[in-house]
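Q: Could we go through the pockets of this structure together? I would like to begin with the lining of one of them.

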Amino acid sequence: MVEEENGGVDPRLQAIKAAIRVVPHFPKPGIMFNDITTLLLRPKVFKDAVEIFVDRYRDMNISAVAGVEARGFIFGTPLALALGAKFVPLRKPKKLPGEVISESYVLEYGTDSLEMHLGSVNRGERVIVIDDLVATGGTLCAAIKLLERVGADVIECACLIGLPKFKGGCWLHGKPVYVVVDCRQ
Amino acid sequence: MASEGGEDPRLPRIASTIRVIPDFPKPGIMFQDITTLLLDHEAFRHTIDMFVERYRDKRITVVAGIEARGFIFGPPIALAIGCKFVPMRKPKKLPGEVISEEYSLEYGTDIMEMHVGAVQPGDRALVIDDLIATGGTLAAAIRLLERVGAEVVECACVIELPELQGYQRLGGKPLFVLVKAA
């Protein structure tokens, strides 16, 4: 987690945290939804958030950024462009038009799946997976599995926001998870 | 009529990276797939640059990107210009208070939503999506933005399907595209 790594407080972090809006009881009672759309209304804060990711990954030889639909697209595409990397969208079923591979994951009730275009990532490519928030990690695990199935090297999962259990660094399916700020409760 | 990028030397590269998938999502549709453009860093870079160059001096204060492929092109443009990014979403995705606009599909209707308070009266808006077909989605976005008092400066898409004449559904708002699909 960025806060702990830096020891002191990165001045950008306070603004990032403050720009995230908590919407109670969305999508259902008891969930305190961390809404990043308010951060996107603050150009300097949005820019800083992207820069934190860019600074971390610029020297790691990343060749692809895989963004989880749909909020992962928002942070993932600027990151990919800054790193000179490909952007690979990981999507809900039936959205990608070409030949895909699919990975299911468990929801609280039922299952969902994530798809990736065949041929978008090659064996041995170094990849970052990105999403706005990590909660259970189910979606990120599915993403990691998709990439590993094509022989990619998932270097890290990057999320702007993480639930408390991800504080101080955590691992999902053997891969490190990097979180910029804690979930706001 | 839509204006194009013209003879810009970056266009052939951009156009060449777009993949056509026949019969998706249903028979008879030639789907214009931009995911292959995103795999070519230079082509993706050129695409964003061409939009940024066009809009950086137009005093745009908000880029409205239409879910989900508008979320791919919109944020980099907003960041480069230094303005807000506002996601225009399918129903029930945005967590806060929203305003909604219904629009026609080939069969039936759908709804587009925008957060209340994201866009202010007097905001100068750019609407972005990967492609314009019938123009129905863009028209819904324009209506939402105008309902809160914003001025829609232009709609921008990577690709246009000219035979569908979507530009006619934009309420007189100009359209800018990079590539016209044959």
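Q: Which element gives the most to the lining of the second largest pocket?
A: This is a predicted model. In it, β7(A) gives the most to that lining, with four residues.

Q: Which elements of chain A each supply at least two residues there?
A: They are β2 (32–35), β5 (100–106), β7 (126–134) and α5 (138–149) of chain A.

Q: And how many residues line the second largest pocket, and which lie nearest its centre?
A: The lining has 36 residues, and those nearest the centre are A:P27, A:F33, A:R71, A:A135 and A:T139.

Q: How do the residues of that lining divide?
A: They comprise 17 nonpolar, six polar and 13 charged residues. The space in this second largest pocket is about 1400 Å³.

Q: Turning to the largest pocket, how much space lies in it?
A: The largest pocket holds about 1600 Å³ of space. Its lining consists of 46 residues, and the closest to the centre are B:P25, B:F31, B:R69, B:L131 and B:A133.

Q: Which elements give two or more residues to that lining?
A: In chain B these are β2 (30–33), β5 (98–104), β6 (109–115), β7 (124–132) and α5 (136–147).

Q: Which of them has the largest share?
A: The largest share comes from β7(B), which provides four residues of the lining of the largest pocket.

Q: What about nonpolar, polar and charged residues in the lining of the largest pocket?
A: That lining has 23 nonpolar, seven polar and 16 charged residues.

Definitions and conventions:
Residues numbered from 1 in each chain as written. Chains lettered and ligands numbered in written order. Predicted model: local features only at pLDDT ≥ 70, side-chain atom pairs only at ≥ 80, totals over all residues. Heavy atoms only, no water. 1 Å grid on protein atoms, 1.4 Å probe; cavity = no way out; pocket = protein on both sides within 12 Å on 5 of 7 lines; lining within 4 Å. Points joined across faces, edges and corners; volume = space filled by probe spheres on them. Nonpolar A, V, L, I, M, F, W, Y, C, P; charged D, E, K, R; others polar.
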